[in-house]
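Please keep the structure in view while reading.

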Amino acid sequence: MFRRFYIAIASLMLICPVLAQEVEVGAVHTEEYMPLLRGQRVAVLANHTAMYSAEEHIVDMMHREGVNLVGIFAPEHGFRGSVEAGVEVEDGVDSRTGVAILSLYNGNTQRPSDEVMRSIDVLVVDMQDVGLRFYTYYISMLRLMDACADFGCRVVVLGRPNPNGHYVDGPILDMKYKSGVGWLPIPVVHGLTMGEIATMAVGEGWAKPV
């Protein structure tokens with residue numbers, strides 16, 4: 001038996017089941033988010049950790065299910081996780097699905113063009129994080145959330161457990177040092193999942209409501 005909690009702020013939707021004995025990630029609960037994608041132009045912010053099952057990536061599953069995927073946003077290390085830390089990620093095409101890969105880590109801009117944003121109805125975010133303030137994945141998510149807010153795109157965050165979620169440690173970031181490796185006034189080890197960061201950022205006014 002398990003209980004689920006869902007947090008929705010405006011059209012930001014977090015899917016993150018909490019289980020007593022077994023952990024399930026949000027991606028497996030397709031009955032909760034796939035209806036939101038039908039008939040919509042869908043983009044995904046994901047990397048190699050966004051596994052729907054042990055054998056299948058969530059993007060591959062969505063492609064198989066006929067979701068209208070219009071783009072894959074690639075964070076640091078690239079969509080398939082093959083790029084070294086700090087190295088620029090190039091735009092391209094995913095060889096497995098034929099979907100365009102749009103880099104958020106190309107050295108030029110961390111925000112998609114207006115043209116790209118107008119082509120999207122729903123953004124799905126699914127990335128494993130480790131709960132550290134200087135990880136760039138949550139920053140890429142927040143930048144995209146702001147872009148989505150500007151263009152009326154819905155955001156769905158699929159929850160994954162934070163392996164360091166059992167403790168919080170370190171100083172709060174002084175925002176005069178805000179950078180691409182530190183974006184929010186949170187501790188070094190913050191104890192939050194990606195969905196919880198998204199929810200808190202909107203609630204605290206650090207990100208635009210979407």
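The notes below take the helix pair and then the cavity. The model is predicted. Two packed helices are described by the angle between their axes and the distance between the axes.

**Helix pair**
- Helix 4 spans residues 137–151 and helix 5 spans residues 194–203; their axes come within 10 Å and cross at roughly 45°.
- This angle makes helix 4 oblique to helix 5.
- The crossing of the two helices, helix 4 and helix 5, is right-handed.
- On the helix 4 side, the contact is formed by Y137, Y138, M141, L142 and M145, which meet M194, I197, A198, A201 and V202 of helix 5.
- The residues of this contact comprise 10 nonpolar, no polar and no charged.

**Cavity**
- The count is one cavity of 30 Å³ or more.
- The largest cavity has a volume of about 40 Å³.
- Its lining consists of M127, Q128, D129, G131, R160, P161, N162, L192, T193 and M194.
- By class, four nonpolar, four polar and two charged residues line the largest cavity.
- M194 belongs to the contact of helix 5 with helix 4, and M194 also lines the largest cavity.

Technical notes: Residues are numbered from 1 along each chain as its sequence is written. This is a predicted model: local features need pLDDT of at least 70, side-chain atom pairs count only at pLDDT 80 or more; totals for chains, interfaces and linings use all residues. Side-chain values use heavy atoms; hydrogens and water are left out. Axes are lines fitted to C-alpha atoms, for helices over the stretch in contact, and angles run from 0 to 180 degrees between N-to-C directions. Helices (H or I, at least four residues) and strands (E, at least two) are DSSP runs, numbered from the N terminus. Angles under 35 degrees count as roughly parallel, over 145 as roughly antiparallel, 65 to 115 as roughly perpendicular and the rest as oblique. A crossing is left-handed if the near helix is turned anticlockwise from the far one by less than a right angle, and right-handed if clockwise. Contact means heavy atoms within 4.5 Å. Ala, Val, Leu, Ile, Met, Phe, Trp, Tyr, Cys and Pro count as nonpolar, Asp, Glu, Lys and Arg as charged, and the others, Gly among them, as polar. On a 1 Å grid over the protein atoms alone, a cavity is a set of points where a 1.4 Å probe fits but cannot get out, and a pocket is an open set with protein on both sides within 12 Å along at least five of seven lines; lining residues have an atom within 4 Å of a point. Grid points are joined across faces, edges and corners, and a volume is the space filled by probe spheres set on the points.
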